[in-house]
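These are my notebook entries on a chain that I went through element by element. The sequence and structure come before the entries.

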Amino acid sequence: MYCKCECVDQARFLFENSKEIDEISWNTLIVGYVRMNKNEEMLKLLTSMHRNGLNLNTYTMGSVLKACCTNMDVGIMCGKMLHGCIMKLGFDIDIVVGTALLDMYAKKGELHSTIKIFTSMPNRNIVMYNAMISGFIETGSISKECANKACRLFFEVQRQGLKPSKFTFSSMLKACIAVGDFVYGKQIHAQICKYNLQSDEFIGSALIELYSLMGSTEDGLKCFTSTPTRDIVLWTSMIAGYIQNGKFESVLCLFYELMACGGRPDEFTISNILSACADLAIARLGEHVHGHVVKSGFGNFRIVQNSQICMYAKCGDIDSANLTFQETENPYVVSWSVMICSCAQHGCARDALYLFGLMKEHGIKPNQITFVGVLSACSYGGLVEEGLKYFESMKDYGVETSIEH
């Protein structure tokens with residue numbers, strides 16, 4: 001009870017003061033620590049249980065492996081050790097443990113091990129297929145080959161007579177979006193309608209992104225309006241779709257609608273709205289959004305601050321852009337690059353180059369966008385020799401030259 005109520009300290013107190021502790025007590029407390037993301041305590045308890053010669057069950061193993069999927073520093077090492085233990089105990093063919101192992105390796109980017117576990121499982125349910133499909137699309141940049149493998153698995157799900165879930169379709173839409181296969185994406189949409197899953201907000205968000213990339217905001221809006229439960233992710237997806245297709249007035253209308261129905265925009269929504277204000281070059285409206293940022297407490301989010309810098313710069317107010325930059329705590333490469341590019345666009349060449357020097361002093365490594373700003377500043381300022389030096393120095397930072405440079 002205490003574990004399920006997230007009162008794990010009280011559960012631990014009862015555990016330590018009980019005269020008789022069986023395997024169920026150990027397993028229950030371990031699962032409680034996993035649920036509370038207290039991974040260090042979980043590992044200590046797991047080690048103690050093993051030393052006491054007590055047996056772990058499949059449910060506990062599955063829960064512990066989920067903890068190894070997190071950003072825990074020793075996550076993959078601990079997961080591999082548990083994998084060895086699982087093999088010894090003969091749990092490797094259990095569907096719950098097998099799925100958890102597969103998911104762990106997939107989330108840690110070890111695709112070869114993920115495939116090996118999947119192929120070794122004699123009985124596969126839809127959860128395992130979903131984990132394997134996600135494994136193919138959770139790589140840094142989805143290749144055409146990985147997307148095709150995900151598609152083949154989806155065909156296998158249908159051949160096996162298994163019912164695809166909303167997670168299956170959500171993953172398949174992500175694969176289509178990543179490789180730009182819009183024809184197959186529309187076929188997946190038809191399958192979603194067949195299984196009556198089009199009202200799910202996660203699927204709705206993926207469909208909006210798909211149609212936005214196709215340039216069909218009308219179809220994206222149909223997906224948006226047909227979703228009865230609209231969370232902020234769905235609203236943001238529709239707003240981002242309008243921005244992507246240059247429909248900035250529609251962005252603002254949707255934002256007003258969101259506010260009118262009592263919705264609470266998050267930092268990503270605000271960032272998109274500021275981008276729309278920047279593209280429309282409406283300083284007054286941007287200032288109103290800035291006011292909302294301050295009132296709602298999003299002023300310290302760097303994604304918002306970067307969009308705010310860009311908005312003020314595009315509206316011609318370089319002083320306000322600079323003030324926002326000065327208020328940014330620990331700015332990273334994106335923040336510096338936005339400010340450098342903003343100075344360059346306003347012909348403040350020396351200011352841009354001064355910022356670039358300051359950026360290097362702070363130990364921030366410049367990227368491609370930074371050098372676009374630096375070279376633009378040299379171009380506007382007629383600093384030919386300095387520009388050539390900066391261009392040559394790009395290779396020192398491992399930045400490849402492009403057409404923009």
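**Entry 1: Ser271**

I looked up the contacts of Ser271 and, leaving aside its neighbours within four places in sequence, found Ile303 and Ser307; contact here means heavy atoms within 4.5 Å. Ser271 is placed in helix α16, residues 267-280. I took helices as DSSP runs of H or I with at least four residues, and strands as runs of E with at least two, numbered from the N terminus. Ser271 counts as buried because its relative accessibility is 9%. The cut-offs are under 20% relative accessible area for buried, over 50% for exposed and partly exposed in between, with a 1.4 Å probe and protein chains only.

**Entry 2: basis of the values**

I note that the model is predicted, so that local features need pLDDT of at least 70 and side-chain atom pairs count only at pLDDT 80 or more, while totals for chains, interfaces and linings use all residues. Residues are numbered from 1 along each chain as its sequence is written, and side-chain values use heavy atoms, with hydrogens and water left out.

**Entry 3: the whole chain**

I recorded 23 helices and zero strands in the chain. The chain has 405 residues, of which 45% count as buried. Of the contacts in the chain with a separation of 6 or more, 60% are between residues 24 or more positions apart. I found an accessible surface of about 21,200 Å² for the chain, with 53% of it belonging to carbon and sulfur atoms. The areas come from the Shrake-Rupley method with a 1.4 Å probe, and for residues only the protein chains shown count as cover.

I next turned to pairs of helices. Two packed helices are described by the angle between their axes and the distance between the axes. The axes are lines fitted to C-alpha atoms, for helices over the stretch in contact, and the angles run from 0 to 180 degrees between N-to-C directions.

Helix α6 (residues 95-107) packs with helix α7 (residues 111-120) at an angle of about 165 degrees, and their axes are 8 Å apart. The angle therefore makes α6 roughly antiparallel to α7. Angles under 35 degrees count as roughly parallel, over 145 as roughly antiparallel, 65 to 115 as roughly perpendicular and the rest as oblique. I noted a left-handed crossing of α6 and α7; a crossing is left-handed if the near helix is turned anticlockwise from the far one by less than a right angle, and right-handed if clockwise.

From α6, Gly98, Leu101, Leu102, Tyr105 and Ala106 meet Ser113, Thr114, Ile117 and Phe118 of α7. The contact of α6 with α7 has six nonpolar, three polar and no charged residues by class. Ala, Val, Leu, Ile, Met, Phe, Trp, Tyr, Cys and Pro count as nonpolar, Asp, Glu, Lys and Arg as charged, and the others, Gly among them, as polar.

**Entry 4: α20 and α22**

I found that the axes of α20 and helix α22 (residues 368-380) come within 8 Å and cross at roughly 20 degrees. α20 is therefore roughly parallel to α22. The crossing of α20 and α22 is left-handed. Their contact is made up of eight nonpolar, five polar and no charged residues.

**Entry 5: α9 and α11**

The axes of helix α9 (residues 144-159) and α11 come within 14 Å, crossing at roughly 25 degrees. α9 is thus roughly parallel to α11. I listed Cys151, Phe154, Phe155 and Gln158 of α9 as meeting Tyr184, Ile188 and Gln191 of α11. By class, the contact of α9 with α11 holds five nonpolar, two polar and no charged residues.

Which values of phi did I find for Asn196 and Asn330? Phi of Asn196 is near 60 degrees, a positive value in a residue other than glycine. Asn196 is in the loop between α11 (182-194) and α12 (201-213), and counts as exposed at 56% relative accessibility. Asn330, which is not a glycine, has a positive phi of about 45 degrees. I placed Asn330 in the loop between α19 (318-327) and α20 (333-345), where Asn330 is exposed with a relative accessible area of 64%.

Ala206 lies in helix α12 and counts as buried at 8% relative accessibility. Leaving aside its neighbours within four places in sequence, I found Ala206 in contact with Leu173 and Ile177. Val64 is in helix α4, residues 58-68, and counts as buried at 0% relative accessibility. The C-alpha atoms of Val64 and Ala100 are separated by 8.8 Å, with the two residues 36 apart along the chain.
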